[in-house]
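Open the model in your viewer and keep the sequence panel beside it.

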Amino acid sequence: MKNFEAIAYMDDFSLITIVAKKPFSIVPSFGLLQTDGIVHSLTLLKQENYNQRYIYKCKSPIQLVMGKDYWIKINENQIPLQIGSIVRTEQFDSLFFDDGPLGALYTPDSTVFKVWSPVAVEMQVKYKKAGEFDFLEASMERTERGVWHFTLQGDHHLTEYIYKARVNHVWVEITDPYARSVTINGERSVIIDLQKTDPDQWQRSEKRMNLRSKTDSIIYELHIRDFTIHPDSGVKHKGKYLGMAERNTTTSKGTITGLDYLTRLGITHVQLMPVADFGSVDETKPDSQYNWGYDPVHFFAPEGSYATEPSNPVLRIQELKTLIRTLQDNGLSVILDVVFNHVYKLEESSFEKLVPGYYFRYDAGGNPVNGTGVGNDTASERKMVRKFIIDALLYWLNEYKVDGFRFDLMGIHDVETMNIAAQKLKSLNPGIFLLGEGWDLNTNLEPEKRATLSSAKVLPDYSFFNDSFRDSVKGSIFTGGTAGFINGNQEHSVKDQILRSVKGYSGKNDRFLSAEQSINYTECHDNHTLFDLLKIRHPNENERQRKKRQQLALAFTLFSRGVPFIHSGQEFYRTKYGVENSYNMSDRINAFNWHDCEKHKNDVKYFQELIKIRNEQPVFREEESRINRLHELPDGVFGVEINHSLTDKKVKCFNWEKVLLLFNQSLKAVEIPIPQGSWKIAVENEKYAVRNLDSNKYLIHPLSFSLLFV
């Protein structure tokens, strides 16, 4: 047969699949050709058509050996045998799993390179010392489990390197997936003496231990660039790691900005949107491009566009460490947003070049599945993918001393991997904060194995973004979807959901084991900001009314049982000017607008007062507190009574024993009955001022939240 197009894949150690674009007129004879010239006849087991492809499944009379070249003879023609689904078999994982260290392992005397690629036939490392122009090459040796290694003598701090591998009969160049730092735009990996990346007073032997419980925490989500890039932020290093670490910054009118603003809010945790190296911003012109960073390339190396010198592989590490340490020294714990569920571009990733087809999930037709929506899903259930994820987490914990991790699209990952990761992380820091998005996505993994919200009770160490809380409070994230309570929905079913939200969806018959698994939020970086969504849902209301609806949402978030989560700027009605998905938009859309913060300084102060109340009063944070819904309230009003669980009289003397949370989402003032007791009003109509209530009735203002206590 002449001019035929076909590809041959190794699908098992004795099974070969040949895929042709055109059918053979006569069933050909298939043979397996070795490098020594010996040809073995293949037995045709099955012939089928699939998606306009002609598929021939054959059996080899000999066991195929990984790391060797083979060809398939088809009559007088021959084609290279490529790596196929064999890498996704349990046998492959069993034979080639290696739990040893990988990457460029530096000491002042030598650097040992280790990279995993059982399918490679040859491997080299290309390297050049800092300041030199020409690369040298060295051949690497292969272990039984497919780890290639080479030892380079001498001190090679800042030596650049890449790997060259012969896989599927061709040579490819690859950056190290375990690279601790990279050159600009991640073109090459860099050997790093990590001690030289430590800022002043960085204690390498120190171990961070978080002693704060999850329900004593308030998370504040930030994007490195957004927070300081505003022209009037008063920050010198705008949009950089160091910019967030600056003290004593103000606007031109004297409003406190930056780090000092954060420390005054009363939040406990700063959640940094992705800081690992991502692919969508050209680091040679970092100020002219923007991205959230959910397109990872190098998982161990910090992003260079946030560094003052993106070309300096030491500074990107040092400046991120400086930011983390500065936040922690100012009483703020640091959570990193990590993205292990996909890569930026599958075909260009080091994973795919080193072991084609292994690191990702595929459908029955051999196509990458797309539960993430970006064209690829990583296969966390495979042993070396699991190892990579856990190795990366432990590295960020130990080297950067962070306090927690937020897992992007965690529902893509498998339960076993997440539980093993939690066990290892908690062995080093028992109080580490782990949370993630538990959305159930269409990936090629059995539903019961996915780390989704429905698996929360078998993932006890993780908290989950609670979409039921979000939807019951504000409604659907889609503009045409169902409204939530603050948007005027008065249905009884919504109030039932609101009650579950206030209770943290916890208990034997509910979603979570305890309220600490519930991340309570009504806004995050995704979708419209709440203020923009309210403008769409209530086009005929004035701005003040929409702002009062947003204040209702903040009150629900802060005083419901669970973990409050605030998107930066939510406290002053952050707008993205109607843009729903701003992941790659300009600074004009995304910047944290310090003038808006200035304009709404009274609302920010109110937000601070609410946080102070939550932080000071255990009644809002205890799992055992009794929460009862107030009945016989008019439409538009929702209320609960919370009773302190502590019985110690000495404790009672210093804390509120009972609390009423009252919410009015209607446009009119409403008089409501109040349970018997010597109630005091702490919060009323967006003001904090304690006074006695001398009646068994209470007039709650339109679109407002009130808090009463005994």
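Select Thr 482. In this predicted model, Thr 482 sits in the loop that joins helix H9 (467–473) to helix H10 (492–502). Is Thr 482 buried or exposed? Its relative accessible area is 56%, so Thr 482 is exposed. Show its contacts next. Setting aside neighbours within four places in sequence, Thr 482 is in contact with Gly 475, Ser 476, Asn 489 and Arg 537. Now draw a C-alpha to C-alpha distance to Asp 471. Thr 482 and Asp 471 are eleven residues apart in sequence, and the distance is 8.3 Å.

Go to Phe 464. This residue belongs to strand S26 (residues 463–465). Phe 464 has a relative accessible area of 0%, and therefore counts as buried. Which residues does Phe 464 touch, not counting those up to four places away in sequence?

- Met 410, Gly 436 and Gly 438 are among them.
- Ala 451, Thr 452, Leu 453, Ala 456 and Leu 459 are also among them.
- The list also includes Phe 512, Gln 517, Ser 518 and Ile 519.

Next, select Leu 409. Find it in the loop between strand S24 (404–407) and helix H8 (415–428). Check the backbone torsions here. Leu 409 is not a glycine, yet its phi is positive, near 45°. At 14% relative accessibility, Leu 409 counts as buried. The cut-off for buried is under 20%.

Compare Asn 685. Asn 685 lies in the loop between strand S33 (680–684) and strand S34 (687–692). With a relative accessible area of 22%, Asn 685 is partly exposed.

Jump to Lys 196. Look in the loop between strand S18 (189–190) and strand S19 (219–222). Lys 196 is partly exposed, at 45% relative accessible area. Which residues is Lys 196 in contact with, leaving aside neighbours within four places in sequence? They are His 157, Val 314 and Gln 318. Lys 196 and Ile 317 are 121 residues apart in sequence, but 9.7 Å apart in space, C-alpha to C-alpha.

Now move to Leu 15, in strand S2 (residues 15–20). Its relative accessibility is 31%, so Leu 15 counts as partly exposed. Not counting residues up to four places away in sequence, Leu 15 touches Tyr 9, Met 10, Leu 45, Cys 58 and Lys 59. For a distance, pick Leu 42. Leu 15 and Leu 42 are 27 residues apart in sequence and 9.4 Å apart in space, C-alpha to C-alpha.

Select residues 258–265, which form helix H4. Why is H4 described as largely enclosed by the rest of the structure? Six of its eight residues are buried. Show those side chains: Gly 258, Leu 259, Asp 260, Tyr 261, Leu 262 and Leu 265. Step past the end of the helix. Gly 266 follows H4, with a positive phi near 100°.

Then select residues 601–616, helix H15. How far does H15 reach from its first C-alpha to its last? The 16 residues reach 22 Å, close to the 22 Å expected at 1.5 Å a residue. The buried residues of H15 are Asp 603, Val 604, Tyr 606, Phe 607, Leu 610, Ile 611, Ile 613 and Arg 614.

Finally, zoom out. Colour by secondary structure: the chain has 16 helices and 36 strands. Along the principal axes, the C-alpha trace spans about 100 × 55 × 50 Å. Of the 710 residues, 60% count as buried. The accessible area comes to about 28,600 Å², and carbon and sulfur atoms account for 47% of it. Colour by charge last. There are 86 positive and 91 negative side chains, with the centres of the two sets 4 Å apart. Among contacts between residues at least 6 apart in sequence, 70% join residues at least 24 apart.

Definitions and conventions: Residues numbered from 1 in each chain as written. Predicted model: local features only at pLDDT ≥ 70, side-chain atom pairs only at ≥ 80, totals over all residues. Heavy atoms only, no water. Helix = DSSP H or I, 4+ residues; strand = E, 2+ residues; numbered from the N terminus. Buried < 20%, exposed > 50% of the residue type's maximum accessible area, 1.4 Å probe, protein only. Contact = heavy atoms within 4.5 Å. Areas by Shrake-Rupley, 256 points an atom, 1.4 Å probe, with all protein chains shown as cover. Lys, Arg positive; Asp, Glu negative; His and termini not counted. Charge placed at Lys NZ, Arg CZ, Asp CG, Glu CD. Expected span 1.5 Å × (residues − 1).
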